[in-house]
Amino acid sequence: MADSKTGLKQGLPEAVLDRFSIYGDCESIVPYGKGHINDTFLSTWNQGGTRLRYTHQRINDRVFARPGEVMENIVRVTAHIRAKLEGVRDRSRRTLTVVEARDGKPWVRDAEGGWWRSYCFIENARGGDLASSPEEAALLGRITGLFQNQLADLEGPRLHETIPRFHDMEARYVRFHEALRKDACGRGGGCGAEIDFLLENEDRGGILIRALREGGIPERICHNDTKMNNILLDEDSGEALCLIDLDTVMPGTSLFDLGDLIRTVTTRTEEDEQDLSKIRFDTVFFRALITGYLSQARAFLGPPEYALICEAGRNITQIMALRFLTDYLEGDPYYRIARPLHNLDRCRSQIALIRSMDSGRSEAEKIVRELS
Ligand code: ADP
Ligand code: GN1
Ligand code: MG
């Protein structure tokens, strides 16, 4: 199942599985999930007659140069959240649980130097690419605000920057210009309109990173990848349980997370929708999302952050358009693709969403003013 161009191994080596502290008989292992980055597997075990499941991931070490630091962050963050959930019902479904290796480390290295980790599988939960209702949008906002709030008092050294300059639009533009200049795959000619849009928006795109760098908005611990399918909801009640995919939890601005939520929760279309006419920024979902988010984030958010809420949605959508197009121009080395123009389609859908956000902007600003 693994993508040959990323150099990832096929399957999960048994020797790796044996070294995690998991007891019982392994009954099956299947590829799992729709993530663009890691290879994820789901295993089912019979432990004395009880069925238990785990996820196992080979950390993509082309994306994360220091997987050990990724795991150090994740162990600290999940332990901190777990401690805060003392006495809360269903605690083990409200944050990821790292399964240690038999040597006590939170990872196992395979024969080729690859890094593997395991988590308890969170049962009876669903992700999803689209919010099904404004109520669900509010729950997604609320759980993200809660996550940021839970980590606001994490003590100890600053978390590792697992991908340096991850949401730094200026650094992303440097790479984009380089990709344009090289045009290594001869693809630039076929996407002139998208290139023009991104060039016209280059200066505006720096607004969040400049504000963060210059101290206009505070640095906070955030998730940095809050697209909807990185949030699990209870299958029965619909309650939002937790944020998963914690590889990018590191210092940033709260607005990176809120921006990515706005990008993925306020539209009824998937990230790679090809019918651009269907892509619409929905202000009803936007209002619900912001209401849910502020129910938790009000406790720590300051006026400069409120002032940038609408821009944050546009900004994170822009950085995704830019990253998808850069990847397309470079020959798709980063994101997993299922068809040749997949990254270009993703870029186009993000640009269509920005245009729709711009049309709804005054309404969105009004909503934020009302809720602030
Ligand atoms: P990627 O970085 O590739 O996006 P994720 O960590 O998001 O990888 O995992 C991919 C998918 O696997 C998630 O979207 C989720 O559906 C599922 N998943 C991963 N870990 C768990 C878990 N512990 N419990 C339930 N589902 C999980
Ligand atoms: C990647 O890992 P995944 O699929 O949840 C990417 C995000 C993008 C997202 C777009 C580490 O997220 O930044 O927003 O794809 N993660 C990384 O779908 O690059
Ligand atoms: Mg993911």
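A: Here is a walk through the domains, then the salt bridges, the metal site and a few loop residues.

Please keep in mind that this is a predicted model. The protein chain is divided into domain 1, residues 6–121, and domain 2, residues 134–371. Their C-alpha centres lie 26 Å apart. To the contact, domain 1 gives 28 residues and domain 2 gives 33 residues. Together the two domains bury about 2800 Å² between them, and 51% of that area is on carbon and sulfur atoms.

Now look at the polar side of this interface. Across it there are 6 salt bridges, and 19 residue pairs are in polar contact. Helix 2, residues 67–84, supplies the largest share of the side of domain 1 that touches domain 2, with 11 residues. A salt bridge you can find by eye joins the side chains of Asp 153 and Lys 84, with 2.7 Å from N to O.

Why might such pairs form? Side chains of opposite charge can pair when their charged atoms come close. In the whole model the count comes to 36 salt bridges. Take Arg 53 and Glu 123, whose closest N and O atoms are 2.9 Å apart. Arg 53 belongs to strand 3 and Glu 123 to the loop between strand 6 and strand 7, so this pair ties together parts that are 70 residues apart in sequence. Arg 53 is partly exposed, at 22% relative accessible area, and Glu 123 is partly exposed too, at 27%.

Another salt bridge joins Glu 311 and Arg 361, with the closest N and O atoms 2.9 Å apart. Glu 311 sits in helix 11 and Arg 361 in helix 13, and they are 50 residues apart. Glu 311 counts as buried, at 7% relative accessibility. Next, Arg 339 and Asp 345 meet through their side chains at 3.0 Å, N to O. Arg 339 is partly exposed, at 26%, while Asp 345 is buried, at 8%.

Asp 90 has another feature to notice, a positive phi of about 65 degrees although it is not a glycine. Most residues other than glycine have a negative phi. Asp 90 is in the loop between helix 2 and strand 4, and is partly exposed at 29%. Asp 332 also has a positive phi, near 60 degrees. This residue is in the loop between helix 11 and helix 12, and at 3% it counts as buried.

Turn next to the magnesium ion, ligand 3, which is coordinated by Asn 230 and Asp 245 at 2.2 Å. Asn 230 lies in the loop between strand 8 and strand 9, and Asp 245 in the loop between strand 10 and strand 11, so the pair ties together parts that are 15 residues apart in sequence. Asn 230 is buried, with a relative accessible area of 5%, whereas Asp 245 is partly exposed at 24%.

Finally, find His 167 in the loop between helix 3 and helix 4. His 167 is buried, at 5% relative accessibility. A polar atom of its side chain lies 2.9 Å from the backbone oxygen of Asn 224. Among the residues that His 167 touches are Ile 209, Phe 256 and Met 320.

Note on methods: Residues numbered from 1 in each chain as written. Chains lettered and ligands numbered in written order. Predicted model: local features only at pLDDT ≥ 70, side-chain atom pairs only at ≥ 80, totals over all residues. Heavy atoms only, no water. Donors = N, O, S within 2.8 Å, 3.2 Å for Na, K, Ca; no water. Helix = DSSP H or I, 4+ residues; strand = E, 2+ residues; numbered from the N terminus. Buried < 20%, exposed > 50% of the residue type's maximum accessible area, 1.4 Å probe, protein only. Domains from an automatic or database assignment. Contact = heavy atoms within 4.5 Å. Buried area = accessible area lost by both parts, 1.4 Å probe. Salt bridge = Lys/Arg side-chain N within 4 Å of Asp/Glu carboxyl O. Polar contact = N/O pair within 3.5 Å; in protein donor to acceptor, adjacent residues only side chain to side chain. Lists of a residue's contacts leave out its neighbours within four places in sequence.
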